[in-house]
Amino acid sequence: MKKLKSTPGGIDWGITVFPLIAIAALAVLLLAFPENAGAVIGSMRSFLVNDIGFSYMLFGLAVVLISLYIALSKYGNIKLGGGEKPKHSTLSWGAMIFTSTMAADILYWALIEWAYYYNERPFAAESLTLAQKQDWASTYPLFHWGPTAWGFYILPAAAYAYLLHVKKNPVQRMSEACRPVLGKWVDRWPGKFVDIIAIVGLLAGTATTFSLATPLLSQALSEITGLPQSNVLTIGILVLIAAVFTLAVLFGIKGISKLANICVVLFLCLVAIFFFGGPMQYIIESGVTGLGGVAQNFFSMSTWMDPLRLSSADGVNGFPQTWTIFYWAYWISWSVATPFFIAQISEGRTIRQTILGSYISGVSATFLAFIVFGNYGLFQQVTGKVDAAGMLAAGEAPATAILSIFETLPIPKIAMVVLILAMVAFYASTFDAITVVISDYCLKNRTPEGEPPRKLRIFWSLVFIILPVALLFSESTLSMLQTLAICAALPIMIITGIIIAGFIRQLRRHKEENPPEK
């Protein structure tokens, strides 16, 4: 550890250690007093989602509109990094943005999210017809994983890229991006508080992410190998994922780029299996219908709060409270780290290229996943081959419903193998990128080569995997941590709002100091 202290600027031990202590203490409290903690956290979630949920909705719409305004305005011409050419080709850059920000969640939710909405009734007080179920089930996943979700990443990424490549600021933290608004307070306790909140939220968010898709990985591997499904198998998978992205640490950004390219190849192979082995015309037509539904209803879906809770079965949590607000909060809690990575790899591009290019590469690849995987499963539902929606309603595990859909493919075992490899690659690519960001977070100044010390990155690689393993044996505790990730979104949303305001102020000042030549 002595070598780490000798790195330029050194390690900020307060920001490094305190979040770990906070998460550990929180985990102990949850384990020791699960019922009391669950009641408190449940009340917090109820307040955030039901009472002030409108703030998440308005913030999401504002992020999309502001990002497009900046990209299409005169500010979009500002070059990120002077006269340098982009360090990464457009293809590699787009691949890293997609694979290093989505994790394996995208495969999990693309395969099953439609089934949760199939029996829901958005915008309706009564039950829906089969055609309406089909249309909303293919539309809402695209909305929840579309421009708004990516906007939570892309707009802060543009702000951080300006901070890193134009202002040449050696400190990579959310607090530093607040300096145009907070000024000298960034160097005092408010700045430390911002960074601690960011890292605590990130640790809770990563635990949530691992918890979502790992059971699917475990069950798919059990199906192929015949190994009994158990906690030991799940832990083995988590260790394998950690080993892959820890190994990539040795190769730095180049390793992430190579891993991202491999991830894209596996992703496209899985897409090809579902598309060419499934009802191609139905997939295409349902995809077009879903895209049209998002385009036609984007503003109403972005602002619909269901004040009378007519879409709710219990009159408490309507569809937007259960799903849209939850998703926006989840994306916000994850926006601590991924925007920094997008900022790092965008040197040499303009703000316009960074924003629009990120939207194009991220949204198009995400939509491809949901259109192909989701509509394949939806076809099995509407034709009566697999009642995935019914399985979920009956309490079946989502992984069981997903693998039932896989069994309808022409080559189910091969498809499962590709799924496993793709999910491991997605996880590894995402978490390798995050170790770069959080390691930079812990340095007082960035290193001259632009990448943090390997030992520090390996340390965080281990930390990311320890928490999910420790919580694996308590489903209720893990569920409460998922709720904590939602709760963490409120302060992060406020901080992000300050960062956006400061970014706009800096852009105006930049144009005043650098008027266009006549």
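This is a short chat about a predicted model of a protein.

Me: Hi! Before we get to details, how many helices and strands does the protein have?
Reply: Hello! The secondary structure comes to 23 helices and 0 strands.

Me: And what share of the residues count as buried?
Reply: Of the 518 residues, 60% count as buried.

Me: What about the accessible surface of the protein, how much is there and what share belongs to carbon and sulfur atoms?
Reply: The accessible surface is about 20400 Å², and carbon and sulfur atoms hold 66% of that.

Me: Now contacts. Among those with a separation of 6 or more, what percentage comes from residues 24 or more positions apart?
Reply: That would be 84% of the contacts in that set.

Me: Nice. Changing topic: which residues form the nonpolar patch on the surface?
Reply: The patch is formed by Phe276, Met280, Ile284 and Val288. Together these residues have about 410 Å² of accessible area.

Me: Which helix gives the largest share of the patch?
Reply: Helix H14, spanning residues 280-303, contributes the largest share with 3 residues.

Me: Let's pick Val288. Where is it placed, and is it buried or exposed?
Reply: Val288 lies in helix H14. It counts as exposed because its relative accessibility is 56%, and the cut-off for exposed is over 50%.

Me: Okay, over to Ser218. Where does that one sit?
Reply: Ser218 is part of helix H11, which covers residues 189-225. Its relative accessibility is 0%, so Ser218 counts as buried.

Me: Which residues does Ser218 touch, leaving out those up to four places away in sequence?
Reply: With those left out, Ser218 touches Gln229, Ser230, Leu233, Thr234 and Ile237.

Me: Where is Lys168 found?
Reply: You'll find Lys168 in the loop that runs between helix H8 (147-166) and helix H9 (174-177). At 49% relative accessibility, Lys168 counts as partly exposed, because exposed would need over 50%.

Me: And what about phi of Arg309?
Reply: Arg309 is also a residue other than glycine with a positive phi, near 55°.

Me: Which loop holds Arg309, and why does it count as buried?
Reply: Arg309 is in the loop between H14 and helix H15 (319-334). It counts as buried because its relative accessibility is 16%, and buried means under 20%.

Me: Great, thanks!
Reply: Any time!

Key: Residues numbered from 1 in each chain as written. Predicted model: local features only at pLDDT ≥ 70, side-chain atom pairs only at ≥ 80, totals over all residues. Heavy atoms only, no water. Patch = residues over 30% accessible without salt bridge, like charges linked within 9 Å, V, L, I, M, F, W, Y side chains within 5 Å. Areas by Shrake-Rupley, 256 points an atom, 1.4 Å probe, with all protein chains shown as cover. Salt bridge = Lys/Arg side-chain N within 4 Å of Asp/Glu carboxyl O. Helix = DSSP H or I, 4+ residues; strand = E, 2+ residues; numbered from the N terminus. Buried < 20%, exposed > 50% of the residue type's maximum accessible area, 1.4 Å probe, protein only. Contact = heavy atoms within 4.5 Å.
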